[in-house]
Amino acid sequence: MLFNMISDVFSGQPFDMASALSQILATLFIIFCILPLHEYAHGWVAYKLGDKTAKYSGRLTLNPLASIDPVGSLFLLLFGFGWAKPVPVDSRYFKNPKRDMAITALAGPLSNLLASLVGAVIYQGLWIALKANVPVFVQTFFIAYITINVALAVFNMIPLPPLDGSKILGAFLSSKALYNYYRYQNIIIMIAFVVLFSGMLRVPLAVLQNACLNVVLWLAELPFKLFGLL
């Protein structure tokens with residue numbers, strides 16, 4: 001995010017300070033409130049499925065101090081994708097380790113989508129209440145908040161370790177394939193970073209993000225349409 005702003009400045013494009021500040025505030029809100037929610041969702045679902053590791057380690061909390069990862073937060077500010085400290089999960093406590101690990105992993109991206117939906121509903125409500133006269137600063141904040149959450153959900157669904165998608169994929173692999181998958185995860189992670197920074201995934205990720213964003217916006221408008229407000 002900041003990286004793109006800096007690039008635009010050096011390329012001679014006009015710089016809007018108010019827009020930049022609102023995007024930064026939205027990102028900081030996500031770092032301090034939504035990333036902890038993402039990790040809490042993992043820990044809570046794991047707890048409900050029989051794994052109390054997160055609770056006993058003090059990670060079943062929404063306290064941002066327990067979840068903030070400095071590097072992951074910096075990446076989110078700079079590039080628009082980042083991470084928090086992973087909640088510890090021990091699949092040995094699950095009745096069905098593969099299935100329950102996949103469900104636990106899925107809870108994180110779903111929390112981001114839910115957070116984006118809540119933001120979209122609030123934004124839609126403001127738009128109706130203020131008769132479309134929502135200040136540009138507020139518009140930019142909500143647009144950034146909604147789109148970043150959707151982007152985080154889609155990004156985390158990439159089936160590469162250590163992302164949540166890799167654990168979801170694990171539910172569909174044989175034990176031997178899963179063993180080899182994690183045996184070479186360090187190599188896979190290196191390849192993944194090269195692919196991400198090369199831009200090879202930019203188009204497919206953008207397509208998925210737009211599809212998810214459209215669904216979120218449609219769902220946000222639905223209650224207002226049902227009550228005849230749109």
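**Buried threonines, a helix pair and an aromatic cluster**

In this predicted model, threonine 140 belongs to helix α6, which spans residues 136-156. Its relative accessibility is 15%, so threonine 140 counts as buried, the cut-off being under 20%. Beyond its neighbours within four places in sequence, threonine 140 contacts Ser19, Ser22 and Gln23.

Glycine 43 is 61 residues from threonine 104 in sequence. In space, the two C-alpha atoms are 7.6 Å apart.

Helix packing was examined for α2 (residues 17-48) and α4 (residues 70-79). The axes of these helices come within 10 Å. They cross at roughly 150 degrees. Angles over 145 degrees count as roughly antiparallel, so α2 is roughly antiparallel to α4. The crossing of α2 past α4 is right-handed. From α2, the contact is made by Ile24, Thr27, Leu28, Ile30, Ile31 and Leu35. Helix α4 contributes Ser73, Leu76 and Leu77. Seven residues of this contact are nonpolar and two are polar. None is charged.

The structure contains nine aromatic pairs. One aromatic cluster is formed by Phe75, Phe79, Phe81, Trp83 and Phe155.

Technical notes:
Residues are numbered from 1 along each chain as its sequence is written. This is a predicted model: local features need pLDDT of at least 70, side-chain atom pairs count only at pLDDT 80 or more; totals for chains, interfaces and linings use all residues. Side-chain values use heavy atoms; hydrogens and water are left out. Helices (H or I, at least four residues) and strands (E, at least two) are DSSP runs, numbered from the N terminus. Buried means under 20% relative accessible area, exposed over 50%, partly exposed in between (1.4 Å probe, protein chains only). Contact means heavy atoms within 4.5 Å. Rings of Phe, Tyr and Trp (its six-membered ring) pair if their centres lie within 6.5 Å; planes under 30 degrees apart count as stacked, over 60 as edge-to-face and the rest as tilted. Axes are lines fitted to C-alpha atoms, for helices over the stretch in contact, and angles run from 0 to 180 degrees between N-to-C directions. Angles under 35 degrees count as roughly parallel, over 145 as roughly antiparallel, 65 to 115 as roughly perpendicular and the rest as oblique. A crossing is left-handed if the near helix is turned anticlockwise from the far one by less than a right angle, and right-handed if clockwise. Ala, Val, Leu, Ile, Met, Phe, Trp, Tyr, Cys and Pro count as nonpolar, Asp, Glu, Lys and Arg as charged, and the others, Gly among them, as polar.
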